[in-house]
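Dear colleague,

I am passing on the structure we spoke about, and I would be glad if you looked through it with the notes that follow.

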Amino acid sequence: MDLEIDNKFKEECGVFGGIDFDNKLNCSKLTYFGLYALQHRGQESCGIAVYLKDRIKCHKDVGTVNQVFNEEILDGLKGSLAIGHVRYATNGQNSNINAQPFIISNGKEKIAIAHNGHLLNAKDLKSKLAKYKLNSTVDSEILGYMILNELEKNVSIENSIISLMDDIKGAYSLVIIVKDKLIGVRDPLGMRPLCIGKLNNSYFIASESCALDAIGAEFVRDIEPGEVVTIDKYGIKSEKKQIEEQKKLCIFEFMYFAREDSKIDGISVYKARENIGKELAKSFKIDADLVVGVPDSGIPASIAYAKESGIPYGQGFVKNKYVGRTFIKSTQSERVMAVKIKLNPIQENINGKRIILIDDSLVRGTTLKGIVKLLKASGAKEVHVVIAAPPIKFSCFYGVATSNRKELIASSKSIEEIRKYISADSLDFMSVESLLRAVGKQNNSYGFCTACFNGEYPYVEDEEVQLTKKAINF
Ligand code: SF4
C-alpha cells in the first residue's frame, strides 16, 4: 500500500549509474529512465551527475523525476558516464541541499556519489572530517569525504573503500563517479540491494533489476555484500571485503519496498509475495466469502491466499492513482480522510460478504482501522484481517523511516488489543519463520535483517545496542 496515505514506512532511496564504452549513449538519459523505474523508492528529490572529462556536472532538485528533468536539461547533461538518485528524506530535511548525487572535492580530486541506506555512526565519522566543510545533513556527503580523505593516502579507490568498511556502520549501497570510473559498493552485510546490467558495450548499476529492464539492459548479477565493483575502459574489476557474518538484506524489500518485477539476490519479489500469500492460507484457515488485498503490495499475497484456500479473490477497492505524495495529513481526521480519498471500496463486491482483508504490514494501525471501517460501511458482514508480516515492534535505523517506536502499535499492544482497536472480527500476523520460508529460505542462515520484528540490529554489538538506541532516539 502507498506509504503517503497509510504513513507506514517511508521508502529508502534508489540509485542508478551507467557507463558507455562506445561514447554513443547519453548515459544521463538512460539514468533518467532508470530513475523513473526506481521512483517508488523515493519521491521527494532526485538528481543526475555526469562526468565530462574536465568536470562533473550535476542537476538535482526537489520533486519527482518527471518534475525535475526535461529534454533540455538532459541534453545539457550529455555524457557517457552518469549516476543518479531518487530520495525519500529518511535523514536530513527534504530540501535541494540534501538532494543527491553529491559532488565532493578536496581541491585535487572530485567525485560524485549517491547513497541508499543510513549510517549508524554518522556523527562519529563526521567528527573525523573536521577539516572539510560539509554542506548537508545526509550521510552520503560524509561517505564522499571519507573516500576522498582515504584517497589522499594515495591508495586505489577500491582499497580506499574496502579499508573504510571497518569504520562505517550501517546500510549503504553506493554508486560513485571517480575520474572515468563507475563504481558500485554494497555494505558488508548487503542490507540494501544493488545489481549490474549490460546493454551492448555499456554497463549499468541499479538498486533494483526493474530499472535495468526499463532501459533494455540484461541483468548480469547482484553486487555481493562487501563488494566494490569498478567499471572503466579496462572492463569490470571487483574487490571484496572478507566477511564472516551472514548477509542481512532487509526483508522488507520483498514485502514492501521493491517492485514486484524485480529480482534481488536471485529471489523474485513477485514470487516472494505470492509465497507469503500461500503461507498465510496454510497458517490461517478462515471461514469467509471473499479475499481482498489492500493495494498495491497486498494484492499478490491476497491472490495467492485465495488460490491456496479456495475462497474467491475479488477486487475490494479502487485506488486513486492521482493522490500525490505531498498530501497534508497532520491530524487524525485528515489521515482518515486521506484513506477515503486514496481507497474507495467497491460496494458491489463487499456488500453482505465475510471478507478476508490482506495487508502487507501494520505500523500504526490508523490506516487499517480506516479501511476496516470503510469495508463495514460498504456492507461487509465480517472483516478478518491477515497481515503479511510479523508484528513490527522496533524502529528501523537503516534508512527506512518507520515510525517512532512509541507509534508502532505492536510495540505496546497485544494482538487482541490491536484487533479491538482496528475493529476487525479477527486479526492474524505472519510468523518470522513463515516469512523466511516464503522468501525462499528455510531459516535465517541465508541472512535477512528482521530487526523490525525482533530488535536484532545488524552492525550493532550487544553492548552498543543501548547506546545506539539512545543516540538515534529509539
Ligand atoms: Fe528492513 Fe526492518 Fe531491518 Fe530496517 S530494521 S533494514 S526495515 S528489516
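Which residues of helix H11 are buried? Please keep in mind that this is a predicted model. In H11, which spans residues 299-309, the buried residues are Pro300, Ala301, Ser302, Ala304, Tyr305 and Ala306, and among the elements that cover them are helix H10 (269-283), strand S17 (290-293) and strand S20 (354-359). After H11 comes Gly310, which has a positive phi near 85°.

Helix H10 also holds Glu279, which counts as buried because its relative accessibility is 11%, under the 20% cut-off. Apart from its neighbours within four places in sequence, Glu279 is in contact with Met430, Ser434, Arg437 and Ala438.

Turning to the ligand, the residues around it are Met191, Arg192, Cys250, Phe252, Cys396, Tyr398, Val400, Cys449, Ala451 and Cys452, and this shell divides into 9 nonpolar residues, 1 charged residue and no polar ones.

There is also an open sheet of 6 strands, paired antiparallel in the order S5-S6-S7-S8-S12-S13. Its edge strands, each pairing on one side only, are S5 (102-105) and S13 (235-240), and the twist from one strand to the next averages 20°. S5 pairs with S6 (residues 110-119) in the antiparallel sense over 4 bridges, and Ile103 has Ala112 in S6 as its bridge partner. Helix H6 (residues 139-151) lies across S5, S6 and S7, running at about 130° to S6, whereas helix H7 (residues 157-164) packs on the sheet by touching S7, S8, S12 and S13, with its direction at about 25° to that of S13.

Methods:
Residues numbered from 1 in each chain as written. Predicted model: local features only at pLDDT ≥ 70, side-chain atom pairs only at ≥ 80, totals over all residues. Heavy atoms only, no water. Buried < 20%, exposed > 50% of the residue type's maximum accessible area, 1.4 Å probe, protein only. Helix = DSSP H or I, 4+ residues; strand = E, 2+ residues; numbered from the N terminus. Contact = heavy atoms within 4.5 Å. Near = heavy atom within 4 Å. Nonpolar A, V, L, I, M, F, W, Y, C, P; charged D, E, K, R; others polar. Pairing = 2+ DSSP bridges. Axes fitted to C-alpha atoms, helices over the stretch in contact; angles between N-to-C directions.
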